[in-house]
Amino acid sequence: MQKHQKIACLLMVAFFALAPLVLYPVFLMKVMCFALFACAFNLLIGFGGLLSFGHAMFLGTAGYASAHAAKAGLVVGGFELFGVQFPVLLNLPPFNPEFAILFGTSAAALLGGVTGLLAIRRQGIYFAMITLALAQMIYFYYLQAPFTHGEDGIQAVPRGRLFGLIDLTNIWAMYWTVLAVFLGGFLLIYRTIHSPFGQVLKAIRENEPRAISLGYDTARYKFLAYMLSATLAGLAGGTKAIVFQLASLTDVHWSMSGEVVLMTLLGGMGTVFGPVAGALAVITMENYLAQLGAWVTVVEGMIFVLCVLTFRRGVIGEIARLLRRPL
C-alpha cells in the first residue's frame, strides 16, 4: 500500500471509529454495510469491466438466508426440474450471528456461481440484461416463497451473542462488529485489486482480445471476479440483516441494484475508496432528505446529474486526478 493510500485508509478508519461520538451508530452501520456492497460491485465493474444490473439479488439473498437462519434455523426451499417439484427441508437449530452471516454469505456465493455460469457467456449490455433478468426472477421467487413472508419480510431477527460471548443487543458491540466486517471485506478487495489476479482483471477490462492473446483464460477470470463480488455483496447483506433485525424485499428489488450503481459512480468507479464515499453520500442524502417524501429520488437524480457533469470521474476520482495519484 502506497503512502497516500495508507493515509486515506487511516482517515477512513479514524472517521468510522470517531464518528459515533457525533452521529447515530445505526446510521453509520448502514453506511458501512452499503459501502461494502458498493466496494463489491466496484470490484466487478470498476476492475473487471462487467456491468451488473442485478447485484441486489446477492444482497437480498444473503439477508433472507441470514435472517431465517438466525431466527428460525429451519431452511425451507425447493426447486423444479423437468416439471417436477423437489422440496428441500433442512431441520437446523437457530444459528449464532456469526454462523448466520456466514450462511447468508455462502448462499450468495452459491447463487453467484449459478448465475455467473449463465451471465459470463455474454458481454456488455447483454451481460447487464441477463443479470437484471436473473435478479427479477429471484425477486419474484422471494415475493411468493413462504419463508420470506412476502411483503412483510422476516422481522424481529435476533442478534444473539457473537461467538457465544459478545451480546450484540448492545449497540456498541454491534457497531464494532460491523466495523470489523467492513474493514475485513475492504482489505480483501484491496488485496485482490493489487494482486496478479487483479492486474489480469484490469487487462481484461482494457483490452480483452489482447489478454486472450497473452494466454489468459478470460472467462475463468471474469467468473472468479463475479463470484468474489457476489460473495462480498452477500457478506454485506447478511450483516445488514442482523444489524436491522429485518430482511425484506427492498434489498432484492431492482431499484437497489440501481442504487449501488449510483454509489459507485458518484464516489468514483475504478477507485479503491470511491464506493465508500459514494455510499456515505447516498445514505446521507436518503437520511436527511427523507422529509421530502417521494421527491427524494428527484433531488438525488438532480445531484447525481450535477456530480456527473462536474466530477466525471467521481468525487474520489477527481481528487486523485488533482493529486495525480491513484486512490
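This is a predicted model: local features need pLDDT of at least 70, side-chain atom pairs count only at pLDDT 80 or more; totals for chains, interfaces and linings use all residues.
Trainee: Is Gly-185 buried or exposed?
Mentor: A residue counts as buried when its relative accessible area is under 20%. For Gly-185 the relative accessible area is 3%. Because that value falls under the cut-off, Gly-185 is buried.

Trainee: Which residues does Gly-185 touch, not counting residues up to four places away in sequence?
Mentor: Contact requires heavy atoms within 4.5 Å. With residues up to four places away in sequence not counted, the partners of Gly-185 are Leu-36 and Leu-232.

Trainee: What separation is there between the C-alpha atoms of Gly-185 and Ile-125?
Mentor: Gly-185 and Ile-125 are 60 residues apart along the chain.

Trainee: Is Ser-229 buried or exposed?
Mentor: Ser-229 is found in helix 9, which spans residues 218-244. Its relative accessibility is 0%, and the limit for a buried residue is under 20%. Ser-229 therefore counts as buried.

Trainee: With which residues is Ser-229 in contact, leaving aside its neighbours within four places in sequence?
Mentor: The neighbours within four places in sequence are set aside here. The contacts of Ser-229 that remain are Ala-40, Phe-41, Leu-43, Leu-44 and His-55.

Trainee: At roughly what angle do the axes of helix 4 and helix 9 cross?
Mentor: Two packed helices are described by the angle between their axes and by the distance between the axes. Helix 4 comprises residues 97-119, and its axis comes within 7 Å of that of helix 9. The crossing is right-handed. The angle is roughly 145°.

Trainee: How many charged residues take part in the contact of helix 4 with helix 9?
Mentor: Residues of helix 4 in this contact include Ala-108 and Gly-112, and those of helix 9 include Ala-230 and Gly-234. The residues of the contact divide into eleven nonpolar and nine polar. The number of charged residues is none.

Trainee: Which helix gives the largest share of the lining of the second largest pocket?
Mentor: This pocket holds about 370 Å³ of space. Of its 16 lining residues, the closest to the centre are Ala-8, Leu-11, Met-12, Phe-273 and Ile-316. Two or more lining residues come from each of helix 1, helix 11 and helix 13. The largest share, seven residues, comes from helix 1.

Conventions. Residues are numbered from 1 along each chain as its sequence is written. Side-chain values use heavy atoms; hydrogens and water are left out. On a 1 Å grid over the protein atoms alone, a cavity is a set of points where a 1.4 Å probe fits but cannot get out, and a pocket is an open set with protein on both sides within 12 Å along at least five of seven lines; lining residues have an atom within 4 Å of a point. Grid points are joined across faces, edges and corners, and a volume is the space filled by probe spheres set on the points. Helices (H or I, at least four residues) and strands (E, at least two) are DSSP runs, numbered from the N terminus. Buried means under 20% relative accessible area, exposed over 50%, partly exposed in between (1.4 Å probe, protein chains only). Axes are lines fitted to C-alpha atoms, for helices over the stretch in contact, and angles run from 0 to 180 degrees between N-to-C directions. A crossing is left-handed if the near helix is turned anticlockwise from the far one by less than a right angle, and right-handed if clockwise. Ala, Val, Leu, Ile, Met, Phe, Trp, Tyr, Cys and Pro count as nonpolar, Asp, Glu, Lys and Arg as charged, and the others, Gly among them, as polar.
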